[in-house]
Amino acid sequence: MTAETPTRPRNTQPAAWRHTDILDLDDFDVDEIETVLTLADRMREVLDRRIARVPALRGYTVVNLFYEPSTRTRASFELAGKVLGADVITITTATSSVVKGESLIDTVRTMRAMRADAIVMRHSMAGAAYLAAEHTDASIINAGDGSHAHPTQALLDLYTIRKRVGDLRGKRVVMVGDIAHSRVARSDMWGLTALGAEVVVCGPPTLLPRGLRPGDRPSHAESALPPVIIETEIDRAIEGADVVMALRLQSERQQGGLLPSLHEYSQFYQVTAERLKRAKPHHLLMHPGPKNEGVEIAATVASGSASIIEEQVTNGVAVRMALLYLLSGRTDLPGEETR
């Protein structure tokens, strides 16, 4: 067996779980999503205890390897691992051997040589997590790869919505903003449609993915995404929505000329209280963060009664706890007696 083709440990989890990596949701079936969400309920119970600590992952090592800045995702994974008793190491590339020219492949191999069991990785290039997974037998968790995918954010979004509205079948979920460059939007599309939601994506034509722009012919890009409804008029998109999710403008990934100005964008696509009147009376408002108030979302609604943005953050820890536990292959999660 060569170093280029490491052997993965046999997965000992139930039949509804077959993953050794978390790369995106396009290869998750409904039962696997349900396995994560059900276990996340148990992890929320752990988090809500007076002392939120269990030894379920004692002796398990998690490395957070972040090539891009992060607050929520990085801290969430750190806390998730520590609550479960894992050893957690966080590496930012600005203070690592990456600045000396070390390649991604060499870095992940080095982490595995140090006995890392799971590597949580954020990278600016689409596909970076997939490349890493090919060159290590440590579990790779994609914490965002360029504009491609952010599966753990999508799973926490699914969990948060379902805790509030129950069955997602037939629910209208509207995502507004920079769809073309949003890894959250792409992963959310896969997860939401798998659970039966009606997904609407809305933004200016220049910020919709190729193949999903009005008038586009079917293309590879279109076939690589699940079926969704495309709207360029925000009022029409929000009409009758159960959930509205505002997305950040990914200015660091955009080429010039996609928007005339931020002022014009906010005028036509900002999620405001007036526009939300078109949604259902008990709609939910979400945002994956970090949010630019006054641009993609009005400050008054970001902290309003419909907002569950902070709940998303809390639930993110529980979902990431569930994923780490599932990837570990362990079956000894402490029960009620440890309260």
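This is a predicted model: local features need pLDDT of at least 70, side-chain atom pairs count only at pLDDT 80 or more; totals for chains, interfaces and linings use all residues.
The protein chain has 339 residues, of which 54% count as buried. Its secondary structure comes to 12 helices and nine strands. When contacts between residues at least 6 apart in sequence are considered, 76% of them join residues at least 24 apart.

Helix H1 covers residues 30-47. Its 18 residues should span 26 Å at 1.5 Å a residue, and the end C-alpha atoms are 25 Å apart, which agrees. The buried residues of this helix are Glu32, Ile33, Val36, Leu37, Leu39, Ala40, Met43, Val46 and Leu47. These buried positions pack against H2, H5, helix H6 (183-194) and helix H12 (309-328).

Helix H2, residues 72-83, has 12 residues and reaches 16 Å from its first C-alpha to its last, close to the 16 Å expected at 1.5 Å a residue. Within H2, the buried residues are Thr73, Ser76, Phe77, Ala80, Gly81 and Val83. Viewed down the axis of H2, the buried residues fall within an arc of 165°, so they line one face of the helix. After H2 comes glycine 85, whose phi is positive, near 85°.

Helix H5 comprises residues 151-165. The buried residues are Pro151, Thr152, Gln153, Ala154, Leu155, Leu156, Asp157, Leu158, Tyr159, Thr160 and Ile161. H5 is followed by glycine 166, which has a positive phi, near 80°.

The packing of H1 with H5 can now be described. Two packed helices are described by the angle between their axes and the distance between the axes. For H1 and H5, the axes come within 10 Å and cross at roughly 70°. That makes H1 roughly perpendicular to H5. On the H1 side, Ile33, Glu34, Val36, Leu37, Thr38, Ala40, Asp41 and Arg44 take part, and they meet Leu155, Leu158, Tyr159, Arg162 and Lys163 in H5. By class, this contact has seven nonpolar, one polar and five charged residues.

Attention now turns to the strands. Alanine 118 lies in strand E3, which covers residues 118-123. This alanine is buried, with a relative accessible area of 0%. Not counting residues up to four places away in sequence, alanine 118 touches Tyr60, Thr61, Val62, Val63, Ser139 and Leu324. Alanine 118 and leucine 327 are 209 residues apart along the chain, while their C-alpha atoms are separated by 8.1 Å.

Serine 139, one of the residues touched by alanine 118, belongs to strand E4 (residues 139-145). Serine 139 is buried, with a relative accessible area of 8%. Its contacts, leaving aside neighbours within four places in sequence, are Thr20, Asp21, Asp117, Ala118, Ile119 and Leu327. Serine 139 and threonine 20 are 119 residues apart in sequence, yet 5.6 Å apart in space, C-alpha to C-alpha.

A further strand residue is alanine 246, in strand E8 (residues 243-246). Alanine 246 is buried, with a relative accessible area of 0%. Leaving aside neighbours within four places in sequence, alanine 246 is in contact with Val176, Val271, Met286, His287, Pro288, Glu296 and Ile297. Alanine 246 lies 71 residues from methionine 175 in sequence and 5.9 Å from it in space, C-alpha to C-alpha.

Arginine 115, in the loop between helix H3 (104-113) and strand E3, has a positive phi of about 75° although it is not a glycine. Arginine 115 is exposed, with a relative accessible area of 59%. The other loop runs between strand E9 (284-286) and helix H11 (299-302) and contains proline 290. The peptide bond from glycine 289 to proline 290 is cis, with omega near -10°.

Conventions:
Residues are numbered from 1 along each chain as its sequence is written. Side-chain values use heavy atoms; hydrogens and water are left out. Helices (H or I, at least four residues) and strands (E, at least two) are DSSP runs, numbered from the N terminus. The expected span of a helix is 1.5 Å times one less than its number of residues. Buried means under 20% relative accessible area, exposed over 50%, partly exposed in between (1.4 Å probe, protein chains only). The arc is that of the directions from the helix axis to the C-beta atoms. Axes are lines fitted to C-alpha atoms, for helices over the stretch in contact, and angles run from 0 to 180 degrees between N-to-C directions. Angles under 35 degrees count as roughly parallel, over 145 as roughly antiparallel, 65 to 115 as roughly perpendicular and the rest as oblique. Contact means heavy atoms within 4.5 Å. Ala, Val, Leu, Ile, Met, Phe, Trp, Tyr, Cys and Pro count as nonpolar, Asp, Glu, Lys and Arg as charged, and the others, Gly among them, as polar.
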